[in-house]
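Hi everyone, thanks for coming.

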Amino acid sequence: MTYRIDKVGIVGAGTMGGGIAAHLANIGIPVVLLDIVPPNLSDAEKGDPAARNRIINSLYDRMTKARPANLARADRGDLITLGNLEDDFDKLADCDWIIEVIIEQLAPKQALMERIEAIRKPDTIVSSNTSGIPIGQIAAGRSAEFRAHFLGTHFFNPPRYLKLLEIIPTADTSPEVTDFMKQFGSDVLGKGVVVCKDTPNFIGNRFFAVASSYGLEHALQNGYSIAEVDAITGPTIGRPKTATYRLLDLVGLDVMAHVNANLYEAVPHDAYREMLHPERASALMSAMLEKKWLGNKVGQGFYKQERVNGAREFWTLNPDTMEYEPSPKVRFESIGAVRKIEDLGQRLRTLLEFDDRAANYARDLLYYGFAYAAYVTPEIAYSLSDVDDAMRWGFSHEAGPFEIWDMLGVAETAEKMEAAGLTVAPWVKEMLASGHDSFYRRDGGLQVYDFESGNYRTVVPDKNIILVSDLHAAGKTVATNDGASILDMGDGVALLEFHTKMNAIDQDIIDMAFKALERLDTDFDALVIGNNGEHFCAGANLFAIGVAAASGHFDELDKMIKALQTVTFKLRHAPKPVVAAPHQMALGGGVEMSMAGWEAVADHETYMGLVEFGVGLIPAGGGCKEVVRRKVNPTMRAANADVLPPLQEAFEQIAMAKVGTSAWEARTFGYLTSQDTIVMNSDHRLARAKQRALQLVASGARPPEVEKIYAAGRDALYALRLGVKSLLWGGYASEHDAKIAGKLAYVLTGGDISAPTWVDPWYILDLEREAFLSLLGEEKTRERMMHMLQTGKPLRN
């Protein structure tokens, strides 16, 4: 059977149902989203469609207003058809996949499955998003054909942003359905898919609930403050900045309490079960729930936002007094000593050599997590790698428990765990006794220890994933310096990889880009610009630029900016295909590097913006020229066209430092074009970029022609300047804002020329470089740059 999903039905439009609907709509899949008819309607309302759809309309409205945004762009909501479960249930009949996301009670779910079976077409896949009810029980009583097409699909909230998708087949689920949903989840939904056993809370929430409960109880029992715990359990140990208490505020204390209570009842056999109801933590949570201090959704939980002398501060809860207090600056010798160590394994090994409160808490937390992971994994997972994947994809951990245990040394750590009174699972001891000293190893490829067979099994690589680290390890480095490398991706395609901090552009990156062009000319058929870093490129190295400007080295800066303009221009018009592969943050020079390719293959979560205005500058790596080419040129090729609308749009886009909230929005800004590819799974981005480069080679594609740029001239310049003056007079812009905006207007219009004309692109490039350098000479600009570096926030001066 060949399955296709062209239309999806979702029953239940709450937070998860609405979020899943938005994610599918972002991809371009039409969705039918249903919820209940309001109870207790008056007789008059019973015949009123608006009244009958009051709940679904309200939930949809809430979904569209949620932040972070569920919809990648507002018009994606047009793909979602709303309805209710009484009047519109038959709209599910032609859906290829129907997802249940209703109340977490077995009887209503079973009743819904009976209704769905009566109207679904043959081979329609049906799934439940439950996290706490056994999947097999939900489809009990249904036909064999229905059960063969039924499984669990557990998304994590918010579905657009969190990568993990847990797929839970039952004993009756067809293997073909499971395999199809795994591939669909990865390739189309863009998820990291983990297949779980049908056990309570599956993998991610089962492990997290117990491990995090231990972290709370241990902190309270040993007098750790909320600020201390969050200082320890964030990036230092490979976890997000939300750490422990900020994460609970984000999730919601009521949600966490509900998960723990349900899980406690569902796992009477679990030896660690009592940790779900710890003494101190349970008392604190109960008190907070009673006060309705539920976290971010109500404005206070473990943290509360206060205004002090007009400034915003986040105060922390004192569990002993139940009062909020200013958050103290937390300092630990151990954390200070390791914070600059980039490698997680080395950072943790160094941290645990210390004997202060931070190191001791981290050690206890990690060791307990290792013990529970080893205990519970054979029950909940088919492979220990699934547990690691679940923690990385579902909770944004840098590594999972078994990966970290490997980093610390399995045998050595097991001894320390037992010395601390923890139990090491028998299968781990058997693994060590048999001479296997790690959970993972590389032997002709990545292998993972199989606790069932007692041997290693090879992890089948995803052919759609290219890891830069693997290319380096395989000796595919062609050239390298401190800022960038050229690697051989195979099949005649080279990769230009940035590896500075935040992948910020510096002279090393510019130099390596020139070298990539040289090697492209002599040794390769195509070039990809991309990396596996946290961000594609956060712009130029502001610190280096600021220091050079403060030292008066303007000749050197002029040469560097001219070199950046030259290399982006040459990449854009290279004789062989160049494909950029942006992801996450692509700001300032990152946008310019993205636009330098013939085409782009972008992660759907790419946030692009020319943000230089915020630090007192304008784009000068080709950004101004390229925005005019992309937004103004097409309009002005038509007869009698008005230049001001597209020019004003381009001006505001740069002057307001607008950043797209998705690749789809970046396309509306012109930073991506309709020819560029948007991929849902960022792990596939480099492989797709390579594939697209090879397609361009095979098709004999020619490089983009050098276009002249429309220079609107003096009248348009004065119109833009008048708008700036209005903002200044109204108090909406500072004098320095007006100066920057005036320079920007001058560049975008081609300067003070008497009449509109088409100019060579280097005419605009020279203008943007001159404006950039003149603004760098301003003291107020350098103040803005230093303030941004120190605080991460723009300064209005």
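I'll start with the overall picture and then go to the charges.

First off, keep in mind that this is a predicted model. The protein chain has 32 helices and 25 strands. Its C-alpha atoms fill a box of roughly 80 × 70 × 60 Å along the principal axes. For 797 residues, a compact globule would have a radius of gyration near 28 Å, and the chain has 28 Å, so the two agree. Buried residues make up 55% of the chain.

Okay, salt bridges. How many does a search of the whole structure find? It finds 44. Let me show you a few.

Aspartate 6 and arginine 4 meet at 2.8 Å, N to O. Arginine 4 is exposed, at 58% relative accessible area, while aspartate 6 is partly exposed at 39%.

Next, aspartate 43 pairs with lysine 46, with the closest N and O atoms 3.7 Å apart. Here the aspartate 43 side is exposed, at 67%, and lysine 46 is partly exposed, at 46%.

Then there's arginine 769 with aspartate 766, at 3.1 Å. They sit three residues apart in helix α31, so about one helical turn separates them. Arginine 769 is buried, at 10%, and aspartate 766 is partly exposed, at 27%.

There's also a network of salt bridges linking Lys625, Glu626, Arg629, Arg630, Arg637 and Glu707.

Last stop: Lys329, Arg331, Arg339, Lys340 and Lys501 gather in a positive patch on the surface. Lysine 501 is in the loop between β17 and α21, and it's exposed, at 75% relative accessibility.

Note on methods: Residues are numbered from 1 along each chain as its sequence is written. This is a predicted model: local features need pLDDT of at least 70, side-chain atom pairs count only at pLDDT 80 or more; totals for chains, interfaces and linings use all residues. Side-chain values use heavy atoms; hydrogens and water are left out. Patches are made of residues with over 30% relative accessible area and no salt bridge: like charges are joined within 9 Å, nonpolar side chains (Val, Leu, Ile, Met, Phe, Trp, Tyr) within 5 Å. Accessible areas come from the Shrake-Rupley method with a 1.4 Å probe; for residues, only the protein chains shown count as cover. A salt bridge is a side-chain nitrogen of Lys or Arg within 4 Å of a carboxyl oxygen of Asp or Glu. Lys and Arg count as positive and Asp and Glu as negative; His and the chain ends are not counted. The place of a charge is taken as NZ of Lys, CZ of Arg, CG of Asp or CD of Glu. Helices (H or I, at least four residues) and strands (E, at least two) are DSSP runs, numbered from the N terminus. Buried means under 20% relative accessible area, exposed over 50%, partly exposed in between (1.4 Å probe, protein chains only). The radius of gyration is taken over C-alpha atoms; the globule rule is 2.2 Å times the number of residues to the power 0.38.
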